[in-house]
Amino acid sequence: MHQLGGIIIKKYGITIILAVVLIVLSVWSLFIGVLDVNLSGILHGDMEQLEIFLISRLPRLLAILCTGVGMSVAGLIMQQLCMNKFVSPTTGATISSAQFGILLALLFMPKSTLWGRALFAFVFAIAGTWIFVWFIQRIQFKDAVMVPLVGIMFGNVITGVTNYFAYKYEMSQALSTWLVGHFSMVLRGRYELVYLVVPLVIIAFLFANHFNIVGMGKDFSKNLGVHYNAVLFMGLSIAAAITASVVVVVGSISYIGLIVPNLVAMFKGDKIRGTLVDTALFGSIFVLVCDMIGRAVIAPYELPIELIIGIVGSIVFIGMLLYRLNHGRKAIRLGGAGNSPCASAISTVKGEDGK
């Protein structure tokens, strides 16, 4: 029995630690804010504190958790299917495409509900992701860094078009809500759309093995009887739908899907089924900590979470790029070069000095 317990702790130790840390931080975050809310007041039936807790604090926490889980898993799926550790909703133009879809919804359906805007965001996020894949298929030199750079440039083009139409039709102020991610406007009745993340993540977990196989390449998938195009389409569509649901509710939040899967892979490897739970937990912790920092730095005012995550994420992203350029194949990456549309033909750095 003791040996069995040791095996469980060894296998799931990191997962258990992440879960405990997430629970502690979640409880702590419920009592951080401008208005005073404490446990004793809630237990004694203070209606004002209870109302703040149920209308604002709890919905905000749930939105944060769904955002962290969803964006991290979306990044993990895209990296696995594209066989490139620098592909994510940020560098794959998914977020920019979702914003463009929201702008079109505001222009053509100004009285549309949140679900109507979400539909536009879903369609354009999926379309933008697939256009990015189409570009990658036609790049002859698929360096590990070239692929995300193409995605960043493509995303900036979409952002430029979005800003042009926003200025032309005087929609800049209306669109600004979705350009900078923040949780300050998350209230009961205005955030439930983000719950779509939960079934999408469950579907991703059920098809994790298929994503692993497709990530090995088209020929490898056919040999194992996996329909390559169908699984690829499903995986990228799931990632795009998750991203769109988050953008519609809380706005643009960059870098989560880029840095969280990479950091988890340093400890757990690249197998998606073995890292999906840890990626989801660590993504939630990362977003929650950044949100708590944003609430505490200049209290009682609040910094947008996009600012905090942007600073941290950009530093980590630059560090990963430098590490990849300096160490070549030694860098942590998804193994196996195949025929994936985003597969990177990575050159080996050994040989120049005879090693």
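Predicted model: local features only at pLDDT ≥ 70, side-chain atom pairs only at ≥ 80, totals over all residues.

Student: Okay, where else is phi positive in a residue other than glycine?

Tutor: M83 is one of them, with phi near 55°. Another is Y255, where phi is near 75°.

Student: Which loops do M83 and Y255 lie in?

Tutor: M83 is in the loop between α3 (47-82) and α4 (94-108). Y255 is in the loop between α11 (228-250) and α12 (256-268).

Student: Is M83 buried or exposed?

Tutor: M83 is buried, since its relative accessible area is 6%, and buried means under 20%.

Student: Back to α6. What should its span be, and what is it in the model?

Tutor: Helix α6 covers residues 146-168, so 23 residues at 1.5 Å a residue should span 33 Å. Its end C-alpha atoms are 33 Å apart, which agrees.

Student: Which residues of α6 are buried?

Tutor: Among them are V147, V150, F154, I158, T162 and A166.

Student: New topic: how do α8 and α13 cross?

Tutor: Their axes come within 9 Å and cross at roughly 155°. That makes α8 roughly antiparallel to α13, because angles over 145 degrees count that way.

Student: Which residues meet there?

Tutor: From α8, V201, A204, F205 and L206 meet R273, L276 and V277 of α13. By type, the residues of that contact are six nonpolar, no polar and one charged.

Key: Residues numbered from 1 in each chain as written. Heavy atoms only, no water. Axes fitted to C-alpha atoms, helices over the stretch in contact; angles between N-to-C directions. Helix = DSSP H or I, 4+ residues; strand = E, 2+ residues; numbered from the N terminus. Parallel < 35°, antiparallel > 145°, perpendicular 65-115°, else oblique. Contact = heavy atoms within 4.5 Å. Nonpolar A, V, L, I, M, F, W, Y, C, P; charged D, E, K, R; others polar. Buried < 20%, exposed > 50% of the residue type's maximum accessible area, 1.4 Å probe, protein only. Expected span 1.5 Å × (residues − 1).
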